[in-house]
Amino acid sequence: GNPELPTAVNITWSSINFKTILQWQPKPSGYFYTVEIHGQTSDTQKKCILTKETECDVTDVLRNVRETYTAHILSVTSLGMDNFEEPPFAVSEKFTPYNQTVLGKPEIQNYTQKGSKMNVVFQDPLTPYTFPNGSFQSIRDIFQHDLEYKLYYWKDQSSGKKDATTKSHKFEVSVDSTKNYCFYIQGIIPSRRENRNGQESAVLCTSVGRSILDEYGAGVFIITGVIAIVVITLAIVLSVILCKCKKAKAAREKEPLNGV
């Protein structure tokens, strides 16, 4: 190989819902990178051939998600690919998509609070992989019974959280019918040692029976009350002053004219 060419450092795998990007440093100057993906049982595949970039989307060559892969990042010149000598390269840490990809945010489709029941319906995140008919596989299609979801919920403007678990696409939990609730959902793979918990969905809140006090808070009402008291006080003071002025004027008009 060419010992003068620098090799890649700080190689990292970044993977969410099985979309996987390989990243490294430094930016090349006077040479290129080529990525080789090596599986334990699969053939070596090349990606991002003769690239000047320091990242490479390797999703499509990791379709066997239970396979363990390593990436060889070759440092090459444009002519170097024709040589029989092996170019200098750096090797990544091992990566198994099934165990290491991060679960993305679930999408909440609908939620209702009726009486003492709160219902939440959500959708699995999709992966870049497709079925033969072209439709995208969800993370549930790949993880199947290894996947579950947790709902975290709490009374609006309270810090005490409760949680519930499901393997389906919906939750039904008992709540206080007089209170509004906020919540979010998170995918979980309990069998994992690392990356067990996925990304959290957006936080949403119910609005059934929501009072003006809940909506705007007590502070607004206190300020409004103070302003009202000031206005009423000013009105009373002005009324008293005007009344006194009228009485004084009337008294002056009743006085006899000087010299008459």
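**Entry 1**

I looked up how strand β12 (residues 148–155) and strand β13 (residues 162–166) are joined, and found five bridges in an antiparallel arrangement. Helices (H or I, at least four residues) and strands (E, at least two) are DSSP runs, numbered from the N terminus. Two strands pair if DSSP finds at least two bridges between them.

This is a predicted model, in which local features need pLDDT of at least 70, side-chain atom pairs count only at pLDDT 80 or more, and totals for chains, interfaces and linings use all residues. Residues are numbered from 1 along each chain as its sequence is written, and side-chain values use heavy atoms, with hydrogens and water left out.

Which residue of β13 stands opposite Y152? I found D163 there. Between the two strands of this hairpin lie six residues, and Q157 takes a positive phi near 70°.

**Entry 2: disulfides**

I counted two disulfides in the structure; the term stands for a pair of cysteine sulfur atoms within 2.5 Å. With bonded cysteines counted along the chain, the pattern is 1-2, 3-4.

C48 is bonded to C56, with 2.0 Å from S to S. The torsion about this S-S bond of C48 and C56 is about 95°, so I noted the disulfide as right-handed. C48 is partly exposed at 27%, and C56 is buried at 1%.

The sulfur atoms of C182 and C205 are 1.9 Å apart and form a disulfide. This pair links distant parts of the chain, 23 residues apart: C182 is in strand β15 (residues 181–188) and C205 in strand β17 (residues 204–205). Because the torsion about the S-S bond of C182 and C205 is about 100°, that disulfide is right-handed. I have C182 as buried at 4% and C205 as partly exposed at 33%.

**Entry 3: salt bridges**

How many salt bridges does the structure hold? I found six, taking a side-chain nitrogen of Lys or Arg within 4 Å of a carboxyl oxygen of Asp or Glu as the rule. I wrote down some of them.

D57 and K19 meet through their side chains at 2.7 Å, N to O. D57 lies in strand β5 (residues 55–57) and K19 in strand β2 (residues 19–25), so the pair ties together parts that are 38 residues apart in sequence. D57 is partly exposed at 30%, and K19 is partly exposed at 42%.

K27 forms a salt bridge with E53, with the closest N and O atoms 3.8 Å apart. K27 is in the loop between β2 and β3 (32–39) and E53 in the loop between β4 (45–51) and β5, so parts 26 residues apart in sequence are tied together. Is K27 buried or exposed? K27 is exposed, at 55%, while E53 is partly exposed at 43%.

D176 and K155 form a salt bridge at 3.9 Å, N to O. D176 is in the loop between β14 (170–174) and β15, K155 is in strand β12, and the two are 21 residues apart. I noted D176 as partly exposed at 29% and K155 as partly exposed at 34%.

**Entry 4: aromatic pairs**

Rings of Phe, Tyr and Trp (its six-membered ring) pair if their centres lie within 6.5 Å; planes under 30 degrees apart count as stacked, over 60 as edge-to-face and the rest as tilted. By this rule I have twelve aromatic pairs.

One of them is Y111 and F183, which is edge-to-face, with 5.3 Å centre to centre and 70° between the planes. Y111 lies in strand β8 (residues 107–114) and F183 in strand β15, so the pair ties together parts that are 72 residues apart in sequence. Y111 is partly exposed at 30%, whereas F183 is buried at 0%.

Y153 and Y181 form a tilted pair, with 6.3 Å centre to centre and 50° between the planes. Y153 is in strand β12 and Y181 in strand β15, 28 residues apart. Both Y153 and Y181 are buried.

I also found F18, Y98, Y129 and F143 linked into a cluster by ring pairs.

Notes. Buried means under 20% relative accessible area, exposed over 50%, partly exposed in between (1.4 Å probe, protein chains only).
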